[in-house]
Amino acid sequence: MEKLMISGGRPLQGTVQISGAKNSAIALLPAAILAESEVVLDNLPQLSDVAVYTEILEDLGAKVSWAENQIKIDPSQIRSIPMPNGPVKKLRASYYMMGALLGRFGEATIGLPGGCNFEPRPIDQHIKGFEALGATVTNEHGAIHLHAKQLRGARIYLDVSSVGATINIMLAAARAAGSTVIENAAKEPEIIDVATLLNSMGASIKGAGTETIRIEGVKEMHGCRHSIIPDRIQAGTYMIAAAATRGNVLIDNVIPKHLEALTAKLVEMGVKVEELDESIRVIGASSYGHVDVKALVYPGFPTDLQSPMTSLLTQTEGVSVLSDFVYSSRFKHVPELVRMGAKIRVEGRSAVIEGGQLNAAKVKASDLRAGAALVIAGLTVNEGITEVSGVEYIDRGYDHLVTNLRELGADVWRQAE
Ligand code: EPU
């Protein structure tokens, strides 16, 4: 086990390259199962969650070769082997194996997913979708078993516009007989990325990125080459870190439109943000005004940036209120920030944050984005060393974090616990 050591107080300066999106990658990897020939993914992030997914695909019989930012998946020998335990338990997004295996083989057994447990995360909408497509779904000792002789297209209205359920239903419906319509679909950019890959593999999906997605089932799908979209959450985290340290950072290889909700809030606080074609420059200021933030589904402010934003809001003058309307209790970072001297109280689904200086402390990341929040908090501290344990969570979503921060001038290193 390792921890991150941060000697803060230095403004971040320079350029950081953003890698491919984690939440796309871990849906695109299982999507490859639907093809009969090789799928090549470029701009792949080097993350522990991606490594776990490649292990799952190999266990199923895929030939996988992964070199730096490119992965080649030959799914021609894949079988739907039951996976009640093993690597599927390490990853929340292993739920995509359900849609992909069901879509290709009409059969799957997948252990209930693990991952970041910041609050109960149901999958009832995924199951509702599979059942609407004609699958029988049973829970057998903690593993979900899915079976369908022939999946048939259906009209599915999602009670909540869930990213995971939208993608999972697209995976299952891509090769089903007839037409599927997903209403109240999630609109996140990662959904468009998955639909783009599936269409390049021969699927017929229209409307991804809107609340109505239409899928015409096809009999066969084939390999292709696809480049993963940039990680908007990783980019947003560096934008927030640049502002929090009052630095000047060019965040490169991003789609600025994906970050509009964050950009608007930063500007409202008094941060200077310049949007370029594929990059964003963030220039911090000596003082910031307080702002209220509501985390919502896309294109609203992303829940995944809510925890990092909490750290930035400790640097403002006055009181800010940050509410999360996607996950009502995603506040495990708050008690850790309070250890660092932050004045924050949680009221229902909101954190009420009073600005003030933070102090160095020993803190623990309990999930990926909570970890990012603590790193940002540590970077703002002027004296002493902040120690962040639980680095394994941070490694799930931020590749080359220490190298990137060091290149931006931060004094950060890993140390054995
Ligand atoms: N929900 C249900 N039933 C379901 C599915 C979701 O009630 O069947 C609820 C959830 O409890 C939540 C809301 O719907 O309140 C939205 O959940 P969603 O399904 O959209 O989340 P997810 O697909 O499980 C993905 C990302 C998360 C990100 C959310 C929201 C992946 C693997 N994960 O999760 O990313 O927070 O969308 O944008 O794509 C992260 O990267 O740190 C992370 C947690």
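Q: Does His 141 count as buried or exposed, and at what relative accessibility?
A: This is a predicted model. A residue counts as exposed when its relative accessible area is over 50%. His 141 has 86% relative accessibility, so it counts as exposed. His 141 sits in the loop that links strand S7 (136-140) and strand S8 (143-147).

Q: What is the phi of His 141?
A: Most residues other than glycine have a negative phi. His 141 is not a glycine, yet its phi is positive, about 50°.

Q: Which value does phi take at Asn 184, and where is Asn 184 placed?
A: Asn 184 is also not a glycine and has a positive phi of about 55°. Asn 184 belongs to the loop between S10 and helix H6 (189-200). Its relative accessible area is 22%, so Asn 184 counts as partly exposed.

Q: Why is strand S10 largely enclosed by the rest of the structure?
A: Strand S10 covers residues 179-183, and four of these five residues are buried, so the strand is largely enclosed by the rest of the structure.

Q: In which sense do strand S9 and S10 pair?
A: Strand S9 (residues 155-157) pairs with S10 in the parallel sense, over three bridges. Ile 156 has Ile 182 of S10 as its bridge partner.

Q: Where is the peptide bond from Tyr 298 to Pro 299 placed, and what is its omega?
A: Most peptide bonds are trans. The bond from Tyr 298 to Pro 299 is cis, with omega near 10°. Pro 299 lies in the loop between strand S17 (293-295) and helix H9 (306-313).

Q: How many residues does the largest nonpolar core have?
A: In soluble globular proteins, nonpolar side chains tend to be buried together. Here the largest nonpolar core has 79 residues, and those with the most contacts inside it include Leu 41, Tyr 53, Met 170 and Leu 198. Helix H5 (residues 163-173) gives the most to this core, with seven residues. A second, separate core has 64 residues, among them Val 16, Leu 312, Leu 313 and Val 391.

Q: Which residues does Leu 198 touch, leaving aside those up to four places away in sequence?
A: Leu 198 touches Ala 31, Leu 34, Met 170, Leu 171, Ala 203, Ile 205 and Met 221.

Q: Which residues come nearest to the ligand?
A: Of the 24 residues around the ligand, Gln 125, Ser 162, Asp 304, Val 326 and Arg 369 come nearest. A polar side-chain atom of Ser 162 is 2.6 Å from a ligand oxygen atom. For Arg 369, a side-chain N or O atom is 2.7 Å from an oxygen atom of the ligand. The protein covers 90% of the 820 Å² of accessible area that the ligand has on its own.

Definitions and conventions:
Residues numbered from 1 in each chain as written. Predicted model: local features only at pLDDT ≥ 70, side-chain atom pairs only at ≥ 80, totals over all residues. Heavy atoms only, no water. Core = buried A, V, L, I, M, F, W, Y, C linked by side-chain atoms within 4.5 Å. Buried < 20%, exposed > 50% of the residue type's maximum accessible area, 1.4 Å probe, protein only. Helix = DSSP H or I, 4+ residues; strand = E, 2+ residues; numbered from the N terminus. Contact = heavy atoms within 4.5 Å. Near = heavy atom within 4 Å. Polar contact = N/O pair within 3.5 Å; in protein donor to acceptor, adjacent residues only side chain to side chain. Areas by Shrake-Rupley, 256 points an atom, 1.4 Å probe, with all protein chains shown as cover. Pairing = 2+ DSSP bridges.
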